[in-house]
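Colleague: Could we go through how the two chains meet, term by term? I would like to know what stands behind each label.

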Amino acid sequence: MEHMVLINFIDIGLGGAIMLILIGFVGGLVSGFIGSGGAFVLTPAMMALGAPGMVAVASNSCHKFPKAIVGVLKRHKYGQVDVKLGLVMAFFAEAGVLFGKHMMTSIRNSFGAVGTDLYVSAIFILTMAVVGSFMFRDYRRLKNMSDEQQKEVGLTRLAKWVQSVRIPGTMFYSRGAQSELSFLFVIPLGFATGFLSSAIAVGGLIGVPAMIYILGVPAIMASATEMVIAVATGLGATFLYGLEGAVDIRMAMLILLGSLFGIQLGAIGTTYVKDYQIKFAMAVIMLTVLFSRFFYVPGYLSSVGMMAPLPAGTLQVLKWIGDGVLYLALFIGAYTVLSALIQGMKLHREKRSLGIQESAAD
Amino acid sequence: MASSQANLGKTLLWLWVSATLFGFLFLYFEEFSRLAHNTADACVVQNGLKSDYYAKATQELCAKQGGTLVAGTWWYVFAPIAMAFALSYSHGMFTGLFWDLLGLKAKK
């Protein structure tokens, strides 16, 4: 039966606006701290405030891409961006964005706005579980190594193999990987990054690890190069979702207001901590956010008729627990970054004053 | 001293630009919302003081709901994109200068 689909933007009062700014601040802190992909806390947070999944993804993309432009220009100056690899990946990522957007609108047309909530949550839970577990494993590995050993961690076996493969007519030189690569390997990676970008607005969670572990690009160049892809996918997703009337610019800009304060503070924080501490923070936040999503799923399932309807009281309790766990994740994120920054700065100041005293004594 | 005063001046200038843009967005949000929803054909149903927008609308379905079908104009999509660019740039400049002014810098 033909039916219309209601896609409304959430009402934002003063309390809601403050909440969005705070959520944006924590999202920015985490984003700046881990280099990229920190916006993963923003999509579920917007959904917890009542935005349909599709509107949350569209608005998150809209707040993200102009930030990525500023970031990519800055990091290009430091020579950290592999422009060619970024553009090749961005090209295939756009195909992923188109596919992802098509999936989202098909789901909206069949199941309505709540269908997109369920779809976004499912992809979110799957991605966070995989990436969060990898991060945790990496943290445990790096923690037991000395600083020297950490620096010596070289290419993975997979990256060595990928760099050794020669397929005539498909090769291009990647400055980041310092090797020729076949773009046939880049196609699925770019596509997956673009798909995730249009499904949960966080393509970097796949793009960055893929460049590091599969293509052999150093971490700092991978996160900078991913920004080229984020510009393309963010702009693409904003445009495509905008054509569907799903970009809530007010919500996106309130998030941006907090996020730009947070991102610079988070980036300063990274200069005071060790790599494994960043990995640990990321794994903990990811797994907590993923856990929070589980509590919303029964409500979505019963709304789309995939499960027997649940009593309103039960749904409300589940939502409260989900919101509580999500806010706990945001608190953990803010606490981890800010405490690392404060402790790191204190230690740095103590070391400096000790150095000054020693040189005065000499 | 002179450079910190210049920085304060720049910080205040970017604060003013981004505050003006935020003010503009909030003041004209209903208009931004209308543009955002009307990039494709939409059925607008008055719901108290606010408007509800329905996608996948047809004349018949919209009439049944008591709304008005508005033809979509695809290039309205550039309104939020332009706003996002302008606000991101000005607010980004402001926040960067703000933390600098407070003395929070990366470890050298």
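Modeller: Gladly. Two strands count as paired if DSSP finds at least two bridges between them, and strands (E, at least two residues) and helices (H or I, at least four) are DSSP runs, numbered from the N terminus. This is a predicted model, where local features need pLDDT of at least 70, side-chain atom pairs count only at pLDDT 80 or more, and totals for chains, interfaces and linings use all residues. Residues are numbered from 1 along each chain as its sequence is written, chains are lettered from A in the order in which they are written, and side-chain values use heavy atoms, without hydrogens and water.

Colleague: Why is strand 1 of chain A said to be joined to strand 2 of chain B?

Modeller: There are 2 bridges between strand 1 of chain A and strand 2 (residues 50–55) of chain B, and the two run antiparallel. The rule asks for at least two bridges, so they pair. Val5(A) stands opposite Ala55(B), and Leu6(A) is opposite Tyr54(B).

Colleague: Which order do the strands of the open sheet follow?

Modeller: The order of its 4 strands is 1(A)-2(B)-1(B)-3(B), with antiparallel pairing. Strand 1 of chain A and strand 3 (68–70) of chain B are the edge strands, as each pairs on one side only.

Colleague: How many residues of each chain are in contact?

Modeller: With contact taken as heavy atoms within 4.5 Å, 40 residues of chain A touch 43 of chain B. The two chains bury about 3,800 Å² between them, 74% of it on carbon and sulfur atoms; buried area is the accessible area (1.4 Å probe) lost on putting two parts together, summed over both.

Colleague: How many salt bridges does the rule find across the interface?

Modeller: It finds 0, where a salt bridge needs a side-chain nitrogen of Lys or Arg within 4 Å of a carboxyl oxygen of Asp or Glu.

Colleague: Why do strand 2 and strand 3 of chain A count as a pair?

Modeller: They share 4 bridges in the antiparallel sense, and the rule needs at least two, so they pair. Phe172(A) stands opposite Leu181(A).
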